[in-house]
2 protein chains.
Amino acid sequence: MASLPVLNQPPRRSGALLDNLARRMRLHAESVLEPLGLRPRHLVALTVLRDRDGSTQQALASTLMMDRATVVGLLNDLEADALIERRRSPEDRRRHIVQLTDRGARRLAKAEFALAAVEDEVLSALDTGQRATLYELLLLAASGTAQECGPAAIASDSPC
Amino acid sequence: MASLPVLNQPPRRSGALLDNLARRMRLHAESVLEPLGLRPRHLVALTVLRDRDGSTQQALASTLMMDRATVVGLLNDLEADALIERRRSPEDRRRHIVQLTDRGARRLAKAEFALAAVEDEVLSALDTGQRATLYELLLLAASGTAQECGPAAIASDSPC
DNA sequence: TAAATCGTTGGCGTTACACAAACCAGTTAC
DNA sequence: GTAACTGGTTTGTGTAACGCCAACGATTTA
């Protein structure tokens, strides 16, 4: 006998939509970010560093799920523009403690302000509430993947 | 006088998180999709074609916000595997009407099923309800850019 | 002293585009 | 019916943003 049609319906996967939406956003963002001397990829790091200030590069790579080497290049860009600082950890002098500078915080704020227009365009179908929900879900999904950092720590300012 | 602090708070932008999450998803998806002869990029097209069957390539490029030439390459891949069909439009024989074949639909379903594990991992911090919400928001954002397709049509099975 | 760790650099390979130019088949305008 | 336009196609060039690997210096741990 045939199985129930409703059970045959494949689950809708978000991956493809996520990809597409991200590409659109990045495409528009590039031109907006360019006068600020930033690239889309830099924003991820800056955003994370605003919340998890004083992170190790290793920890940063882990939460971003990126290769260490990639993170190094990213931070090199940001440090060259004095948007972040690398201090050596007193406890373990192999480690670099990465911190957002005031300049970096200001630049990030400026970038986010400038990106409002881009988001308005790409997310034009979403109202304010829906955009807020989307942001929360994305933040939750992004932060939750680091095992040490439970969901409870997301909304709070805990350093994880 | 200084402006109110709360007003100075920059708006949190979803772009960076979107980017990061999409990259993670794509990274894991590649290996899962490979035995199916698909690449992440193909899923977007297949997904759109399932809902907007019989679309013109031009329309497809428009909803995907991609270059025509890029779409051609994408469809070439899919057609080579008989996952889609290109028919000439009777009204305007310049146009190609793109349609998902049964094989394509089955392949897509299989892919989505296989991607469940990936989504489970990347979106592990989200429960079922939250994932559904995320999917709806993404779909809304993706479809909303095409003006003909209003928000009311999202939840329904309307072809837009 | 030896092994492991953190960051760093460099190189090689890949995906996935954008953009432009040129082309054919078919359509529309004059 | 010639000219202009349009939809799709091909090819080619360029770019962003990675991943992965290997090797290295500085430092810490066994």
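1. Confidence. Over residues 145–160 of chain A, pLDDT stays under 50, and the model has 17 contacts (heavy atoms within 4.5 Å) beyond four places in sequence for them.

2. Basis. This is a predicted model, in which local features need pLDDT of at least 70 and side-chain atom pairs count only at pLDDT 80 or more, while totals for chains, interfaces and linings use all residues. Residues are numbered from 1 along each chain as its sequence is written, chains are lettered from A and ligands numbered from 1 in the order in which they are written, and side-chain values use heavy atoms, with hydrogens and water left out.

3. Sheet of chain A. Three strands form an open sheet in the order β1-β3-β2, with antiparallel pairing (strands are DSSP runs of E, at least two residues, and helices of H or I, at least four, numbered from the N terminus; two strands pair if DSSP finds at least two bridges between them). Its edge strands, β1 (55–56) and β2 (84–88) of chain A, each pair on one side only. Helix α3(A) packs on this sheet, touching β1, β2 and β3 of chain A, and its direction makes about 95° with that of β3(A) (axes are lines fitted to C-alpha atoms, for helices over the stretch in contact, and angles run from 0 to 180 degrees between N-to-C directions).

4. Sheet of chain B. The open sheet of chain B also has three strands, in the order β1-β3-β2, and the pairing is antiparallel. β1 (55–56) and β2 (84–88) of chain B stand at the edges with a single partner strand each, so one side of each lacks a neighbour in the sheet.

5. Surface near DNA strand D. Sugar and phosphate make up 80% of the atoms of DNA strand D that come within 4 Å of the protein.

6. Polar contacts. Among these (pairs of N or O atoms within 3.5 Å), a phosphate oxygen of DNA strand D is 2.4 Å from a side-chain N or O atom of Q57(B). R68(B) places a polar side-chain atom 3.1 Å from a base nitrogen of DNA strand D.

7. Contributing elements. α5(B) gives the most to the surface near DNA strand D, with four residues.

Note on methods
Near = heavy atom within 4 Å. Polar contact = N/O pair within 3.5 Å; in protein donor to acceptor, adjacent residues only side chain to side chain. pLDDT = per-residue confidence, 0-100.
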